[in-house]
Amino acid sequence: MNFSAYSIKNPLVAILLFTLLMIGGIFGFNKMKVQQFPDVTFPVVIVTVPLPGAAPAQLENDIGKKVENKLAGIEGVKTMRTTLQTGAATITTEFELEKDLQEAVDEVRSAINEIKGDLPAAANDPIISKVNMASEPILTYTISSSKMNEMELSWFVNNDIDKRLSEITGVGDVGRIGGVNRVITVAANPNRMNALQMPISQLSQQISATQQDTSGGTAKVGGYAQTIRILGAVENARELGDMQISLPTGGAEPLSNLATITDGEAERASTAELNGNPVVAFTVTRTRLADGVKVAHAVQASLDELQKEDPSLTITEVFNTVKPIEEDYKTSMNMLIEGGALAVIVVFLFLRNWRATIVSAVALPLSVIPAFLGMWYLDFSLNMLSLLALSLVIGVLVDDAIVEVENIVRHLQMGKTPYQAAMEAADEIGLAVIATTFTLIAVFLPTAFMSGIIGQFFKQFGWTAAIAIFMSLLVARLITPMMAAYFMKPIPPKKEKDGFIMSTYLNFVKKAIKHRWLTVFAMVLFFAWSVSLVKHLPSTFIPADEMNQSRVAIELTPDVRLEDTARITSMTYEAIKDIEGIESVMSAVGQAQSQMNEDSTGISSVNTASLDIVLAPRDERPSKAVIEGQIIEALKDIPAARFSVGIATGGGIGYEFQLSGDNPALLEKTAQMLMTQARQLDIVSTVSNNKSLPKAELIINPNRLAMADKGVTTRQIANTLRIATAGDFEQSLSKLNLDSRQINIVVRLPDEARANVSQLADLYVTNNVRVGDVADLSFKSGPSQIRRFNRERSIKFSISSVSGDIGPIKTAVQSLPIMQNLPDGISVNETGEAENQAELLSGFAMAMGIGIFCIFGVLILLFHKVLQPFTILMALPLSIGGAFIGLLVTGSSLSLPSMIGFIMLMGIATKNSILLVDYAIIAQNEYGKNRFDALIDACHKRARPIVMTTIAMGAGMMPLLLGLGGADPTFRQPMAAAVIGGLVTSTALSLIVIPVIYTFMDDLSAFVVKMFKPASR
């Protein structure tokens, strides 16, 4: 069925169809959320088993290996990463991407339940959770008040702000940074306790058992039932001091005689500073499926309203990860409009006909807006990749309309009426338009089916591009011819003389065909030269960004106090605060690590800190790489800390890999040799690893004979020392009940007693046995953390250069003597950016291979020929050289965005060839011309639409190349450079080379027909 002819004869059908599609597109656009990346599901399950006070080595044997061995038997397990640090074992299991996440969680939970009886009795219940991509905070604020002190302000954040913001749809969590908690501390007097031979564990248990309200069953007095309540809880710290405590020696004493009771601040778990000044801060995290932009706006509106209600409050935004997303979204939408406008201007400059220009221009909104309906139906969002797909194809969307309109104008110039010209031109060009559209779809759609994590991100990219391109085909076949038939005006017939450029071009083609072997030889040389350019291109996964945010992560030795970490953090701030381009610095000490960090246990540590840095706008500062390089230099003079600078954008910072093995001593020796050799490389700026730093331990060695003689157990000793130094378990603590919350009552020794080993040894375990009577106390050091990968000990390395290019670093590191001769039992596994880059290359190689095969299949089906599609595919190598030149000229790298550009080039290069080959076949078969005349006529008729579409596509991508708008251009520029460079060479060369290749394929076709033609009898 000829759809174009049907649309011309029945215009209301097409008008109604696209009216409905436009309404649906506007509806879908308004319903879609704005995000940085699509919501993806990682089949990763985290198991955390707390065992308070347990050392990493104990956790490895008692918990880690047992859980690993059990989980390894679950079907679909890809990798296991285990982190063992004092008090908790965390096992992160990654499954194959095809594994359903909920099914994985259920199977892990079932496996853990089966071995729960084999885990230590003192271990808390295992916590099983999923990895959440939305677990990173999107907003950070500081808060101050003229009416509240720090403790009151901390509770205000925990209670009032948490409640207020949690009511907003899409807010997942509100977390406090800095500040202090309220606690009632019962600091037992060790001398008085020892004089009474009273164990501190017994004191804690008495308080917990006495200071509580509880139920006592049900009474039936007077024929009615009454609930019995025992009200033993005190109302304040003074009443707690009056509580009578039973003594082992008989009698009782008030608690205040045995301990100092304080209602005040708990030990600080974290501190926060803004530009060197102490603050209380809080973060806001969105839920997984929420629109981060809408959540941020709603949170800001709620906080503005709160400040109006209470003028004593001052809330300041210090970090906002949503702003770059919003800027990127606005810039992408502007680029769509700018690219479309430039493409339309190109059409007008070529055709010099405002009616024809309007007919072409209508294709843009009619292709883009209905695409939003398809995106909404597929549950896509307006994210960087889906908007990137639309920005990429904006020049392509008008191409089909340009080809149609240019052909219609040519027929009008023959003296035909607009109706007749539209009917005949649309019919003539129809096959070529359909072929070019489906080749483009065949190129983009395979990216939606790539495997791995990369495939999850590119699902929306591939489908969005394919939907928009298909919509452009519908416009070109239904709307463009119909509009031209009724909107265009007749053109007086005239025979246009070829200009100088056209005449020169046709003469060049004639010579190329005449000397076709020389032309092919030149093409081969050009392709070989193109391939040689690869070695001059840097390679990376994602180009270094220019976002106005950076970070410094700090790690000290595990035995430091919070005050030590805060002092080093303050030194770090002082060292970097005057670097040009840094606007503000938010410091957080003792915060839990990110859940997305593969080494994270989710447990806060007083030896870690981070500085979130806000940079000045891009046009007011040096490049981000220069600033981060200056930060690295400034930090070299700060002792006793391990630093990491930058925010990982491609899965890590620098070239990351890990060594694994069963022999810990050999693993550490190999790691040390690798560190020494890597630091000698000239191109390396920083070398770091996550090898555990040693941690001092106070070792209690029980005397089994004395324990048996005194009737004391190891658990009793552990309970005594734990309560004396840290307090009892959370669930065992007594609580002071207030109107809106409960305050923990913690029994422990005073600070000075906890620092005295002899006083710890003098603690009574039972009424007549001290710790020192049944155990020896000594100091040793052990690992603060043990990391394992796939059931082996592991150490991860991160090696980076100032340029950020991981290609040369990877090559240099792999060439090191130790890497070339690894000891038996030691293996290497790439992680982070290197792992992602390998996955990217294999995914895109497969997508490009499938794309080429699909293009070939589409062309065979449309042209009913086998050999001429090879002519069209010969345009592919012609585009590579230009793409590499474009990357070299702009200083771009061979990375994810440039690979996207290569994908697009495949479709564009074949598109130009199809227009030439299609008309050459028509001229031979329908107009009866010989091959040479048919090729020259094809070049004459189709050169202008090919050049027009190429320039229109180039113009559509210029905003991407120039980085117009306020958003970070570093991701888009390499892609635009590759596409525009490839466009220039593929168009210029295919206009000359494709006719030559056509002759060879035509000769080969004739030869094959002659060889297999049945002999006449």
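Biologist: Which residues line the second largest cavity?

Modeller: Leu-916, Val-917, Ala-920, Leu-935, Ala-938, Cys-939, Ile-994, Pro-995 and Tyr-998 line that cavity. Helix 33 (896-925), helix 34 (931-962) and helix 35 (972-1012) each give two or more residues to the lining. One caution: this is a predicted model, where local features need pLDDT of at least 70 and side-chain atom pairs count only at pLDDT 80 or more, while totals for chains, interfaces and linings use all residues. Residues are numbered from 1 along each chain as its sequence is written, and side-chain values use heavy atoms, with hydrogens and water left out.

Biologist: What counts as a cavity?

Modeller: On a 1 Å grid over the protein atoms alone, it's a set of points where a 1.4 Å probe fits but cannot get out, and lining residues have an atom within 4 Å of a point. Helices (H or I, at least four residues) and strands (E, at least two) are DSSP runs, numbered from the N terminus.

Biologist: What volume does the second largest cavity have?

Modeller: About 50 Å³, where volume is the space filled by probe spheres set on the points, and grid points are joined across faces, edges and corners. The whole structure has four cavities of 30 Å³ or more.

Biologist: OK, charges now. How many salt bridges are there?

Modeller: The count comes to 34, taking a salt bridge as a side-chain nitrogen of Lys or Arg within 4 Å of a carboxyl oxygen of Asp or Glu. In one of them, Arg-516 meets Asp-1003 at 2.9 Å, N to O. Arg-516 lies in helix 19 (residues 516-532) and Asp-1003 in helix 35, so the pair ties together parts that are 487 residues apart in sequence.

Biologist: And what does Asp-612 pair with?

Modeller: Asp-612 forms a salt bridge with Arg-551, with the closest N and O atoms 2.6 Å apart. Asp-612 is in strand 19 (residues 608-615) and Arg-551 in strand 17 (residues 549-555), so this pair links parts 61 residues apart in sequence.

Biologist: Is Asp-612 buried or exposed?

Modeller: Buried, at 14% relative accessibility. Buried means under 20% relative accessible area, exposed over 50%, and partly exposed in between (1.4 Å probe, protein chains only).

Biologist: Where is Lys-497?

Modeller: Lys-497 sits in the loop between helix 17 (452-487) and helix 18 (500-514). Lys-497 is exposed, with a relative accessible area of 80%.

Note on methods: 1 Å grid on protein atoms, 1.4 Å probe; cavity = no way out; pocket = protein on both sides within 12 Å on 5 of 7 lines; lining within 4 Å.
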